[in-house]
Amino acid sequence: MSIPDPFSELIAPFSRRGVDLGLKRIEAALAELGHPERRFRAVQVAGTNGKGSIATMVERIATAAGLRCGLYTSPHLLSWCERIRLPDGAIGEDALKALLQRLQPLALRHDLTPFELITVAAFVAFAEAEVDLAVLEVGLGGRLDATTVHPRRDVLAFANIGLDHVEHLGPTLEAIAHEKAAVMHPGAIAVSGPQAPEVTAVLQAQATAHGCDLRWRTPVAKDTEGGPALGLHGALQRSNAAVAIAAAEALQETGWPITEAAIRRGLQQARWPGRLERRQFRGQALLIDGAHNPPAAAALRQELQPAQRRWLIGMQRHKDAPDLLRHLLEPGDQVRVVALPEHASWSAEELAPVLPGIQAGSADLRENLEWLVQSEGLPVACGSLYLVAALLPLLDPTD
């Protein structure tokens, strides 16, 4: 089922423009607007897997501390409005439409990409809402990402860095880490959880070169073992929470009124849909997760008890689907591969050499869900946030 996009005339499809990294266009556009991004300070969150979770944890902590905080994330699941969260909640549809209409001439003059346009819209919305602080999730990479144009990113948080977007960031972990580490700058405080050895070396070298205070954190303990209660589920969230806590403590050091009580309350209140989320379809349980690259697939597999299960998987064509499946699946698993709405996708035929017996899913997502939930173990739908977005309207409503 395709949901009409009320912003289709205001934001060009990403597929039409493609990825076009760089800062010159957005710098010029913001200068013409009088630099709205200079009216608030920011925390920037970079990495591969867990950026959104860390960002929402930091935003919830800051809000619990009484700050007027904004949150900018990507991608969205069902609405562009999800990307811009103001102190009173997600920006309204009418408000975002009006803002984008105002920005259309500017976007055309400076040839902004869709991501640059929505980033400018977020900065304007935050400035007009008079936020004290904005938490900015990097869209892609870091060095040339539109969020990096913000001049007052005093605290930088790094989620787990893994192989993804190799066509834009480079074919190795070292190359990708260099692109993401480039958000570091003199005087900033950077925080990170455990990383692969080659990533650790790059982050440490870049911190030294840029005069950035880099701090490492180990995952927090489970709440049953004395750690904080988390609103987000999964072992990876304990590492994300450690990074969010370290970012909050860095904010406190730089003068923000963050208390331990606010940290605990914010961690417990954080929600991030489509990540290890248990839902139901016609009364039957299933798990949905946006795992879209091999590191995310490995993390998802670790969350599941060893058992044969059913999978509904949809993956964008530019992702390393064979490697993802090798990390994700166990012998005896049953798998259906489906096409992602409006996105080039892997097919079951292409993946058959990797996984003999893989099935091609139906064009009807409801039919695929009916097959999925006829499973003794907990079935899983994953492979892309675009698949999650397509499935969410079909699932049973939550309370």
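A residue is called buried when its relative accessible area is under 20%, exposed when over 50% and partly exposed in between (1.4 Å probe, protein chains only). With that in hand, welcome to this structure. It is a predicted model, in which local features need pLDDT of at least 70 and side-chain atom pairs count only at pLDDT 80 or more, while totals for chains, interfaces and linings use all residues. Residues are numbered from 1 along each chain as its sequence is written, and side-chain values use heavy atoms, with hydrogens and water left out.

**The sheet**

- Helices (H or I, at least four residues) and strands (E, at least two) are DSSP runs, numbered from the N terminus.
- An open, mixed sheet is built from 8 strands in the order 4-3-2-5-1-6-7-8, where two strands pair if DSSP finds at least two bridges between them.
- Strand 4 (89-90) and strand 8 (213-216) are the edges; each has a single partner strand, so one side of each has no neighbour in the sheet.
- Strand 2 (residues 69-72) and strand 3 (residues 84-86) run antiparallel and are joined by 2 bridges; Tyr-72 has Ile-84 as its bridge partner in strand 3.

**The largest core**

- A nonpolar core is a set of buried Ala, Val, Leu, Ile, Met, Phe, Trp, Tyr and Cys residues joined through side-chain atoms within 4.5 Å.
- The largest one has 38 residues, and those with the most contacts inside it are Ile-84, Leu-96, Leu-100, Ile-118 and Phe-126.
- Two or more residues each come from helix 2 (24-32), strand 3, helix 4 (93-110), helix 5 (114-128) and strand 5.
- Helix 5 gives the largest share of this core, 11 residues.

**Helix 5**

- From first C-alpha to last, helix 5 reaches 21 Å, close to the expected 21 Å, a span taken as 1.5 Å times one less than the number of residues.
- After helix 5 comes Glu-130, with a positive phi near 55°.

**Gln-44, a buried polar residue**

- Gln-44 sits in strand 1 and, at 1% relative accessibility, counts as buried.
- Its side chain makes polar contacts (a pair of N or O atoms within 3.5 Å; within protein, one must be able to donate a hydrogen and the other to accept it, and residues adjacent in sequence count only if both atoms are side-chain atoms).
- The partners of the Gln-44 side chain include the side chain of Thr-147, at 3.0 Å, and the side chain of Thr-148, at 3.0 Å.
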